[in-house]
Every structure is written in structure tokens, then in C-alpha cells.
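The sequence and structure are shown first.

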Amino acid sequence: MALIARHLQLGPWDNNVWVLTCPATRQTAVLDVGFEPERVIDLVRREQLDVRWLLGTHAHIDHAMGMGEVQQAVGGVYALHPLDQPLLDAMPQQALMFGLPPVRAIAVGHALVDGETLHIGDEPLEVVFT
């Protein structure tokens, strides 16, 4: 079985957010929530999904700003490649640059490694460094 992929375009910059779910277990990974985290939270609750991973492809504000709010509401371990940590640490400065309200960066719970395999329920997901 393949992962069920839900795509949302959120916020003023039409950020691409993905919600990947194993159909057999309902375990889920949420990718790149910047703006409108409440829409992702609503989807997770409505579909009764079990969020295991919060995956960051990178730490630009439009891909990371809402991840903490999602984590607080529905759980999940935030995973990001270590080379993006300085950008994540600069989240307050990123917000200021764009005239956005202050935001605190989410803590990384898992450092992504090129070639590792994460599991979303019964389904593997390979990490590819680009």
C-alpha cells in the first residue's frame, strides 16, 4: 500500500504543506507548516490521524513557523537536517524581516540523515539530501 498524500497550499506565499498517512495504521507525517497551522490541526483531528513525524525540508519561516503550534496540538517529533539548524535558530529574525509577529522556533527532536529510512506506519520514507 502507498502513503495517502494530502496537499494544502497555505498562507500568503502559497506554501506547499503535505500530510502523508499510512492507510493501514493512520500514522502520519506532516511536512513544512509555516502559515495557517490551524488548518493542518483541523485536518488531523477531523481525519483522526496519528501524527508521528513533523518533517522540515528546510527552515525558512514559511516552512517552519507553524510547526510548533501543530506539535503542541497533535504531537509528533520534529525532524530537520542539522545544516538547517542555524536558519531555524534565526526564526525570530526571519519574522522581523517580513514584518511578522515574533515566533519561537520548534525544537528539533530528530536530526535527519541522508539515506535514512523513516517509517510512517507500515510505509518507508527515504530521506534524500538535496
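The text below treats the nonpolar cores and then the salt bridges.

The model is predicted: local features need pLDDT of at least 70 and side-chain atom pairs count only at pLDDT 80 or more, while totals for chains, interfaces and linings use all residues. Residues are numbered from 1 along each chain as its sequence is written, and side-chain values use heavy atoms, with hydrogens and water left out.

**Nonpolar cores**

A nonpolar core is here a set of buried Ala, Val, Leu, Ile, Met, Phe, Trp, Tyr and Cys residues joined through side-chain atoms within 4.5 Å. Buried denotes under 20% relative accessible area, exposed over 50%, and partly exposed the range in between (1.4 Å probe, protein chains only). The largest such core has 28 residues, of which Val-33, Val-40, Leu-54, Val-70, Tyr-78 and Leu-88 touch the most other members. Two or more residues come from each of β1 (4-10), β2 (15-21), α1 (37-47), β4 (50-55), α2 (61-64), α3 (67-74), β5 (77-80) and α5 (91-97). Helices (H or I, at least four residues) and strands (E, at least two) are DSSP runs, numbered from the N terminus. The greatest contribution to this core is that of α1, with four residues.

Which residues does Val-40 touch, not counting residues up to four places away in sequence? They are Leu-8, Leu-10, Val-17, Val-30, Val-33 and Val-70, where contact means heavy atoms within 4.5 Å. A second, separate core comprises eleven residues, among them Cys-22, Ala-29, Ala-79 and Leu-112.

**Salt bridges**

Three salt bridges are present in the structure, each defined as a side-chain nitrogen of Lys or Arg within 4 Å of a carboxyl oxygen of Asp or Glu.

| Glu-47, 30% | Arg-6, 17% | 3.8 Å |

In the bridge between Glu-47 and Arg-6, Glu-47 belongs to helix α1 and Arg-6 to strand β1, so the pair ties together parts that are 41 residues apart in sequence. Arg-6 is buried, whereas Glu-47 is partly exposed.
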